[in-house]
Amino acid sequence: MEKKKIFAVITAVMMLAMLCGCGDEEKDTESSKQESSAASTDTSGESSGEVSKIHPTSSSLASPLSLEEWGKAAKYSADRSEYATVPVRIVRIYSGNQAEKEVKRFTSADETYTYKAPDIGCQWVIADYEINLDSFPAGKAGADASVSSFVTAADGSNIEYKGKKYAVYTMNITDGEYYYEGIRKGSIAYEIPTGCTDYIITLGEYDEQQAFYTPGSDK
């Protein structure tokens, strides 16, 4: 009889231990799920609430957008082998020593470019932009934040300033990272006559959907 009581007590203790162990496993599993969920949602550059407020507007050389306005631009999708339209906007334009330092920093770290000092009477200018990749077909490899860009006169021709014409070339200086979604940041740099603000910045592939911007005074 005594042996039966001892056996019953041992059995109860073992069952209690098993139940405690199962409870810990459930907690660990739930914790892992929460961590996994947190990691999977941290993939966009901005909250989905902010992204849903984006309503890009069509523009043209004759009717350009102002800074901070979302426009429509074509970006090439290597995954689909075709162009896709994405929302873009220019958020800031600046020049002077800060722009020159940024161009030097980028060219020193990128083998594609070699730094060139601006011509006499000209300066480096940088335009920071944002691109929304949420609906872009990035594929398994992802997509970078680069977008084709052009700087021209208001009629699309070379810029003319103080009686002299300038053919302006742009350089995309994004971080080179690849993404699958979200609002991502990029920048373009270009050399332009010092004091010239009467021109158009165009984002998007030539002969495809493009967004046009008037720079105003740089900061």
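Colleague: What relative accessible area does glutamate 68 have?

Modeller: Glutamate 68 has a relative accessible area of 42%, so this residue counts as partly exposed; with a 1.4 Å probe and protein chains only, buried means under 20%, exposed means over 50%, and partly exposed is in between. This is a predicted model, in which local features need pLDDT of at least 70 and side-chain atom pairs count only at pLDDT 80 or more, while totals for chains, interfaces and linings use all residues. Residues are numbered from 1 along each chain as its sequence is written, and side-chain values use heavy atoms, with hydrogens and water left out.

Colleague: Which side chain meets glutamate 68 in a salt bridge?

Modeller: That of arginine 89, at 3.4 Å from N to O, where a salt bridge is a side-chain nitrogen of Lys or Arg within 4 Å of a carboxyl oxygen of Asp or Glu. The two residues are 21 apart and link distant parts of the chain, with arginine 89 in strand E2 (residues 82-95) and glutamate 68 in the loop between helix H2 (48-51) and strand E1 (71-77). Arginine 89 itself counts as buried, at 17% relative accessibility.

Colleague: And how many salt bridges does the structure hold?

Modeller: The structure holds nine. Among them is the one between glutamate 130 and lysine 185, whose closest N and O atoms are 2.9 Å apart. This pair again links distant parts of the chain, glutamate 130 lying in strand E3 (residues 122-132) and lysine 185 in strand E8 (residues 183-193), 55 residues apart.

Colleague: Is glutamate 130 buried or exposed?

Modeller: Glutamate 130 counts as buried at 6% relative accessibility, whereas lysine 185 is exposed, with a relative accessible area of 59%. Salt bridges that share partners join Glu68, Arg89, Glu130 and Lys185 into one network.

Colleague: Changing topic, how many helices and strands does the chain have?

Modeller: The chain comes to three helices and ten strands, taken as DSSP runs numbered from the N terminus (helices H or I, at least four residues; strands E, at least two). From the N terminus on, the order is α-α-β-β-α-β-β-β-β-β-β-β-β. Among contacts with a separation of 6 or more, 69% are between residues 24 or more positions apart, a contact being heavy atoms within 4.5 Å.

Colleague: What share of the residues counts as buried?

Modeller: Of the 219 residues of the chain, 36% do.

Colleague: How many disulfides are there?

Modeller: There are zero disulfides, a disulfide being a pair of cysteine sulfur atoms within 2.5 Å. Cysteine 122 is in none, and its nearest cysteine sulfur, that of cysteine 196, is 9.3 Å away. Cysteine 122 is buried at a relative accessible area of 13%, and cysteine 196 is buried too, at 6%.

Colleague: What about the rings, how many aromatic pairs does the structure hold?

Modeller: It holds four, where rings of Phe, Tyr and Trp (its six-membered ring) pair if their centres lie within 6.5 Å, with planes under 30 degrees apart counted as stacked, over 60 as edge-to-face and the rest as tilted. One of them joins phenylalanine 106 and tyrosine 113, with centres 5.8 Å apart and planes at 45 degrees, so the pair is tilted. Phenylalanine 106 is buried, with a relative accessible area of 9%, while tyrosine 113 is partly exposed at 31%.

Colleague: And which residue lies over the face of tyrosine 94?

Modeller: Arginine 92 does, at 4.1 Å from the ring centre; a charge sits over a ring if NZ of Lys or CZ of Arg is within 6 Å of the ring centre and within 35 degrees of the ring normal. Lysine 75 likewise lies over the face of phenylalanine 136, at 5.8 Å from the ring centre.
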